[in-house]
Amino acid sequence: MENLTSKSECAILTYQRLLQTYEKGVASMEEKIKQYRAKIEEALNGAASITALREIRAKFLSKVGLIPSLMKELSALPKEERPTVGKSINAFKEWACAVFDEKEEVLAKKELAEKYESEAVDITM
């Protein structure tokens with residue numbers, strides 16, 4: 001009977017450890033998303049040209065970027081949580097793409113306005 005109790009206690013401890021690891025995994029993924037979101041916002045504020053913006057976009061969205069690396073980390077999560085976390089990552093990726101596109105449009109308009117201003121000809125002469 002003592003052996004059975006030890007096995008039961010061992011199973012309970014193992015389950016508790018798995019549960020803690022699982023909770024840490026999901027929480028860490030959500031934390032990474034929050035951290036990456038803050039990094040993107042900070043980087044976008046510092047992007048002064050389309051070239052700089054494209055470098056930042058590559059850092060986050062390219063095949064070897066930070067956001068796709070989150071998708072690769074899904075395999076470490078329990079099977080039940082992958083869809084939920086995957087949806088969070090996809091929503092984050094869509095947000096990032098939209099923010100980069102919006103910033104690129106703003107920078108393109110700004111650069112075009114600067115180009116027109118520098119090429120302006122005074123026809124009153």
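Trainee: How do you know which parts of the model to read in detail?

Mentor: From pLDDT, the predictor's confidence in each residue, from 0 to 100. The mean for the protein is 81, and 77% of its residues reach 70 or more. Confidence is lowest in helix 1 (residues 2–46), with a mean of 70, and highest in helix 2 (residues 50–61), at 93. Helices here are DSSP runs of H or I with at least four residues, numbered from the N terminus. Where pLDDT is low, predicted coordinates should not be read in detail.

Trainee: What rules sit behind the values?

Mentor: In this predicted model, local features need pLDDT of at least 70 and side-chain atom pairs count only at pLDDT 80 or more, while totals for chains, interfaces and linings use all residues. Residues are numbered from 1 along each chain as its sequence is written, and side-chain values use heavy atoms, leaving out hydrogens and water.

Trainee: What makes a set of residues a nonpolar core?

Mentor: Its members are buried Ala, Val, Leu, Ile, Met, Phe, Trp, Tyr and Cys residues joined through side-chain atoms within 4.5 Å. The largest such core has 22 residues, and I40 and F100 have the most contacts inside it. Helix 4 (82–118) is one of the helices that supply at least two residues each; helix 4 gives the most, with seven.

Trainee: Which residues does F100 touch, not counting those up to four places away in sequence?

Mentor: I40, L44, L53, I56, R57, F60 and L61. Contact means heavy atoms within 4.5 Å.

Trainee: Why is the pair R57 and D101 called a salt bridge?

Mentor: The term requires a side-chain nitrogen of Lys or Arg within 4 Å of a carboxyl oxygen of Asp or Glu. For R57 and D101 the N to O value is 2.7 Å, so the pair qualifies. The pair links distant parts of the chain, R57 in helix 2 and D101 in helix 4, 44 residues apart.

Trainee: Why is R57 called partly exposed?

Mentor: Buried means under 20% relative accessible area, exposed over 50%, and partly exposed in between (1.4 Å probe, protein chains only). R57 has 21%, so it counts as partly exposed. D101, at 41%, is therefore also partly exposed. Salt bridges that share partners join R54, R57, D101 and E104 into one network.

Trainee: How do you know that R37 and E41 form a salt bridge?

Mentor: Their closest N and O atoms are 3.6 Å apart, so the pair meets the criterion. Both lie in helix 1, four residues apart, about one turn of the helix.
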